[in-house]
Amino acid sequence: IVGLPAHGVLQQCEVSEGEGGEILLGSPVVQIGPSNSSFRHNQGGSGGRLCYTFANESHALAGLKDGLAVVAEDSLSFRVSDSHNVTSTDASNLLVRVLNPLVAENKTVACLEDTEAEVTLAFADVRGDKAGDLGIRILSLPKFGSLYHRDAGNGSVRLPVAQGGVPSGWLEPCPANAGTGTKAAVNESCVTLVYEPTEDFYNSPDPLGGLEAQRFSDLGVRERPPQEFFAYEITKESCRSPPYLVDLRVSNAEDESSIVLPESPVVARYLEPTAIPGITILDPDGYTDLFVVDLYVTAGVLDIPGNISALDHLVFLMGDGHDDAKMVFKGIPSQVNLALGNLTYTALTKSGQETLRLRFRDTDSKSYELGDSLEY
């Protein structure tokens, strides 16, 4: 050992048997100079262990007050020698990072759009000799839902959660299936909050883009999903933990979309526009969702008659809706279905069999594809 840590001590130690064995500190404290024989490494086996104990809490106090994840850093250095007293020229350095002892957890909580979800937060002080009252402070609240605490005496009473300190009366011992999982934790506490999505979560009043989401009626994994979360920190006297994040994943509780195709075969005549009846996209949770529709044929063209008002409300990404072998457009379900309900097909060859393929994607980013045969 050629350089001792500045803010802690090195000791010989052992680890007790079993999974996650306890560290058993020994003596003497390691000093600068050659190690004794118990730290020699024999080929095929290992010697004793060194353990570091941080001992300068005042050095870390500034970091604790600022809520830093790493509140102090330390280091030690050593050289290696063999049985012939040949010593390494360069010293090796070991960096020690002292972590904030106030620990909690980042977590993800799932919730259906029409229900509420319990969020149990566990937190602790891992310093075994530091008793005292732990607290929790809410740093930010969810944007698209409500966060509240159920009254212990009357579960029907909702106590709203505000940004800032959480009342100490809400804290309780952790249940058996909760906790930070830190063996050295003392005064470990839990608080259970409830998240409830509101009815104005995510549907744009302008389905073709731009405006901020205002409705909640349809949810899921979207092309541009809102990030729903809240953040908190642990407090103890003048000390703070780093911020922790609870990610709230709200899922669509409704049925998936589907495509309805004509029940009977469609027969077209050469160079004569033929109506294709009965094409409909069903989206039970759609409301004002945006559809992207992709239609294509190989032996003819598709057309949406010019007198159909839906043409003024669709945005064409490929083609223009008139005499297109392939057209891609987007719009809200009512306008999309109006266009599909008036779709015509014109065969450009005198006989054969055509396959009309329809593919669409809703704003849940789920894709659906079906094909239907046309004779001509």
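Student: Is D247 buried or exposed?
Tutor: D247 is buried, because its relative accessible area is 14%, under the 20% cut-off. Keep in mind that this is a predicted model.

Student: OK, and which residue does D247 meet in a salt bridge?
Tutor: That would be R249. The two side chains come to 2.6 Å, N to O.

Student: How many salt bridges does the structure hold?
Tutor: It holds 14 of them. One of these joins R137 and E233, at 2.3 Å from N to O.

Student: Where do R137 and E233 lie?
Tutor: R137 is in strand β9 and E233 is in strand β14, residues 229–236. That means the pair ties together parts 96 residues apart in sequence.

Student: And what's the exposure of those two, starting with R137?
Tutor: R137 is partly exposed, with a relative accessible area of 31%. E233, on the other hand, counts as buried at 2%.

Student: Is E118 buried or exposed?
Tutor: Exposed, at 53% relative accessibility. R150 is partly exposed, at 27%.

Student: Which residues are joined with E118 into one network?
Tutor: E116, R150, R158 and E196 are in there with E118, joined by salt bridges that share partners.

Student: Switching to S241. Where is it found?
Tutor: S241 is in the loop between β15 (239–240) and β16 (244–251). It's buried, with a relative accessible area of 0%.

Student: What does the S241 side chain reach?
Tutor: The backbone nitrogen of I234, at 2.8 Å. Leaving out neighbours within four places in sequence, S241 is in contact with G67, N100, L102, E233 and I234. E233 is the salt-bridge partner of R137 that we talked about.

Student: Let's do the hydrophobic side. Which residues touch the most other members of the largest nonpolar core?
Tutor: L121, I136, V191, L193, F230 and Y232, out of 34 residues in that core. Strand β8 (residues 117–125) provides the largest share, 5 residues.

Student: What does F230 touch?
Tutor: Not counting residues up to four places away in sequence, its contacts include V119, L121, I138, L147 and L193, plus Y244, L245, V246 and L248.

Student: And how many residues are in the second core?
Tutor: The second, separate core has 29 residues, among them I279, I281, A299 and F329. As a general point, nonpolar side chains tend to be buried together in soluble globular proteins.

Student: I'm also looking at A310. Where does that lie?
Tutor: A310 is in the loop between β22 and β23 (315–318). It counts as buried, at 0% relative accessibility.

Student: What does A310 touch?
Tutor: Q335, L338 and A339, again not counting residues up to four places away in sequence. As for G331, which is 21 residues from A310 along the chain, the two C-alpha atoms are separated by 9.0 Å.

Student: You mentioned β22. What's the strand order in its open sheet?
Tutor: The order is β19-β25-β22, with antiparallel pairing. β19 (274–275) and β22 (300–303) are the edge strands, each pairing on one side only.

Student: How many bridges join β19 to β25?
Tutor: There are 2, and β25 covers residues 344–347. Across that pairing, A275 stands opposite T344.

Student: Last topic: where is confidence lowest, and where is it highest?
Tutor: Lowest is strand β27 (residues 367–375), at a mean pLDDT of 53, and highest is strand β9 (residues 135–140), at 96. The protein averages 79, with 74% of the residues scoring at least 70.

Student: Which stretches have pLDDT under 50?
Tutor: Residues 42–47 are one, with 5 contacts beyond four places in sequence. Residues 202–225 are also below 50, and that stretch has 78 contacts in the model beyond near neighbours in sequence. Where pLDDT is low, the predicted coordinates should not be read in detail.

Terms used:
Residues numbered from 1 in each chain as written. Predicted model: local features only at pLDDT ≥ 70, side-chain atom pairs only at ≥ 80, totals over all residues. Heavy atoms only, no water. Helix = DSSP H or I, 4+ residues; strand = E, 2+ residues; numbered from the N terminus. Buried < 20%, exposed > 50% of the residue type's maximum accessible area, 1.4 Å probe, protein only. Polar contact = N/O pair within 3.5 Å; in protein donor to acceptor, adjacent residues only side chain to side chain. Contact = heavy atoms within 4.5 Å. pLDDT = per-residue confidence, 0-100. Pairing = 2+ DSSP bridges. Core = buried A, V, L, I, M, F, W, Y, C linked by side-chain atoms within 4.5 Å. Salt bridge = Lys/Arg side-chain N within 4 Å of Asp/Glu carboxyl O.
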